[in-house]
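Please consult the sequence and the structure while reading.

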Amino acid sequence: MVELKGTEKQVAWAKAIREWVKKICDEVLENGHIVKGFNDDRKAAFAAAIDILMEKDQAKFWIESFGDTVKPRELEKLDGKELNDRFIFAGQRIMEVMQKEVVPVMKERGIKGTNGIAILQKYFYKKDKEV
């Protein structure tokens with residue numbers, strides 16, 4: 001991942017947030033097959049979206065985009081259904097940010113399958129039924 005820019009405090013907070021965002025996205029990437037229609041093309045598009053998101057190098061971006069939703073200290077204490085419930089909430093926010101910040105870059109780079117980003121919500125809702 002790229003080195004973050006900002007004050008020492010901002011960078012520390014943003015790194016923790018970014019790690020959780022990555023963890024949430026990686027879980028979906030690894031287990032998205034439980035959602036109908038998550039084929040290889042959508043998986044590749046979602047992986048590309050994660051990569052583009054992780055290119056964001058301003059600590060301020062991570063804090064402003066996810067600081068109210070992805071709270072590392074709280075997430076570390078959760079597991080099972082409670083953690084999944086928070087992942088549903090965070091997944092919605094990640095999807096919104098990807099739509100705004102990542103999809104235009106994907107289109108600019110000629111990456112198809114931007115609708116694969118919706119897998120975030122579908123995955124955690126499906127998982128919620130199983131937890």
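Q: Which residues of α3 does α1 meet?
A: The model is predicted, so that local features need pLDDT of at least 70 and side-chain atom pairs count only at pLDDT 80 or more, while totals for chains, interfaces and linings use all residues. Residues are numbered from 1 along each chain as its sequence is written, and side-chain values use heavy atoms, with hydrogens and water left out. Helices here are DSSP runs (H or I, at least four residues) numbered from the N terminus, and contact means heavy atoms within 4.5 Å. From α1, Gln10, Val11, Trp13, Ala14, Ile17, Arg18 and Val21 meet Ala59, Trp62, Ile63 and Phe66 of α3.

Q: How many residues of the contact of α1 with α3 are nonpolar?
A: Ala, Val, Leu, Ile, Met, Phe, Trp, Tyr, Cys and Pro count as nonpolar, Asp, Glu, Lys and Arg as charged, and the others, Gly among them, as polar. In this contact one residue is polar and one is charged, and the nonpolar residues number nine.

Q: What is the orientation of α1 and α3 to each other?
A: Axes are lines fitted to C-alpha atoms, for helices over the stretch in contact, and angles run from 0 to 180 degrees between N-to-C directions. Angles under 35 degrees count as roughly parallel, over 145 as roughly antiparallel, 65 to 115 as roughly perpendicular and the rest as oblique. The axes of α1 and α3 (residues 59–66) come within 8 Å and cross at roughly 60 degrees. The two helices are therefore oblique.

Q: What is the orientation of α5 and α6 to each other?
A: The axes of α5 (residues 80–108) and α6 (residues 119–130) lie 8 Å apart, at an angle of about 165 degrees. The pair is therefore roughly antiparallel.

Q: What is the orientation of α2 and α5 to each other?
A: Helix α2 (residues 40–54) packs with α5 at an angle of about 95 degrees, and their axes are 9 Å apart. The two are therefore roughly perpendicular.

Q: Which helix gives the most to the lining of the largest pocket?
A: At least two lining residues come from each of α1 (8–31) and α4 (72–75). With four residues, the helix that gives the most is α1.
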